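Hi,

Here is the structure I promised to pass on.

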Amino acid sequence: MEAEALLRPVVEAQGFELYDLRRRREAGRAVLQVVVDAPEGIDVDDLARLSRTISERLDADDPQSGTYDLQVSTPGIERPLSRPEHYRRCVGEQVRVKTRAQVEGSRTHTGTLIAADDEGCTLATADAELRVPYAGITSARTVVDWSAELKRSNA
């Protein structure tokens with residue numbers, strides 16, 4: 001059974017969403033990173049409890065051979081966008097998109113995400129409205145206006 005199919009019900013049974021699942025190498029070790037989210041947020045106790053539950057499930061029915069490190073985390077405030085549903089959820093937010101090829105003379109674009117579908121997204125930048133297919137995106141993430149956040153927290 002594939003890891004996502006195995007872990008999605010475990011995460012959802014705890015009241016969270018499986019935001020992403022990544023396998024990578026870090027310092028020569030295999031890492032399985034399980035990224036979870038919830039509308040009301042997730043605290044460190046939630047992550048610890050979920051990590052234990054996920055670890056127990058993987059110990060019982062591990063789809064991955066060999067040793068690896070398990071990391072359970074949230075996508076963070078400036079969250080990466082990698083799936084069409086991530087983009088759709090962030091319509092109306094500020095994002096930064098990096099592309100393989102230049103679009104309108106640049107490979108990096110920051111603006112408001114105004115539309116997202118199964119094929120790509122549309123950004124409203126200071127200069128233009130850009131349609132970018134997902135296949136041409138190398139990385140994307142939401143962008144937080146930290147100065148506005150600091151003003152809000154000091155008010």
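**What I found**

Of the 155 residues in the protein chain, 35% count as buried, where buried means under 20% relative accessible area, exposed means over 50% and partly exposed is in between, using a 1.4 Å probe and protein chains only. A word on where this comes from: it is a predicted model, in which local features need pLDDT of at least 70 and side-chain atom pairs count only at pLDDT 80 or more, while totals for chains, interfaces and linings use all residues. Residues are numbered from 1 along each chain as its sequence is written, and side-chain values use heavy atoms, with hydrogens and water left out.

**The overall layout**

The protein chain has 4 helices and 8 strands; helices (H or I, at least four residues) and strands (E, at least two) are DSSP runs numbered from the N terminus. Follow the sequence and you get the pattern α-β-β-α-β-α-β-β-β-β-β-α. The C-alpha trace spans about 55 × 40 × 30 Å along its principal axes. Among contacts with a separation of 6 or more, 53% are between residues 24 or more positions apart, a contact being heavy atoms within 4.5 Å.

Start with α1 (3-13). Its buried residues are Ala3, Leu6, Leu7, Val10 and Val11. Looking down the axis of α1, you see them fall within an arc of 115°, so they line one face of the helix; the arc is that of the directions from the helix axis to the C-beta atoms. The cover over the buried residues of α1 includes β1, β2 and α2. Just after α1, Gly15 takes a positive phi of about 90°.

Now go to α2. Its 17 residues (44-60) should span 24 Å at 1.5 Å a residue, and the end C-alpha atoms are 24 Å apart, which agrees. The expected span here is 1.5 Å times one less than the number of residues. In α2, the buried residues are Asp46, Leu47, Leu50, Ile54 and Leu58. Viewed down the axis of α2, the buried residues lie within an arc of 90°, so they line one face of the helix. They pack against α1, β2 (29-37) and β3 (69-73). Turned away from that buried side is a face with the exposed residues Asp45, Arg52, Glu56, Asp59 and Ala60.

What caps the N-terminal end of α2? That is Asp43, with a side-chain oxygen 3.0 Å from the backbone nitrogen of Asp45.

**A buried threonine**

Thr142 sits in strand β8 and is buried, with a relative accessible area of 2%. Its side chain reaches the backbone oxygen of Ile77 at 3.2 Å, and a polar atom of that side chain lies 2.9 Å from the backbone nitrogen of Arg79. Not counting residues up to four places away in sequence, Thr142 touches Ile77, Glu78, Arg79, Leu81, Cys90, Glu93, Gln94 and Val95.

**The largest pocket**

The largest pocket holds about 230 Å³ of space. Of its 14 lining residues, Leu81, Thr138, Ser139, Ala140 and Arg141 lie nearest the centre. The elements giving two or more residues to the lining are β1 (17-26), β4 (94-103) and β8 (137-142), and β8 gives the most, with 5 residues. On a 1 Å grid over the protein atoms alone, a cavity is a set of points where a 1.4 Å probe fits but cannot get out, while a pocket is an open set with protein on both sides within 12 Å along at least five of seven lines; lining residues have an atom within 4 Å of a point. Grid points are joined across faces, edges and corners, and the volume is the space filled by probe spheres set on the points.

**Some loop residues**

Most residues other than glycine have a negative phi. Ala27, in the loop between β1 and β2, has a positive phi of about 55° although it is not a glycine, and it is exposed at 81% relative accessible area. Glu104, in the loop between β4 and β5, also has a positive phi of about 55° and is exposed, at 67%.

Best wishes

Conventions
A polar contact is a pair of N or O atoms within 3.5 Å; within protein, one must be able to donate a hydrogen and the other to accept it, and residues adjacent in sequence count only if both atoms are side-chain atoms.
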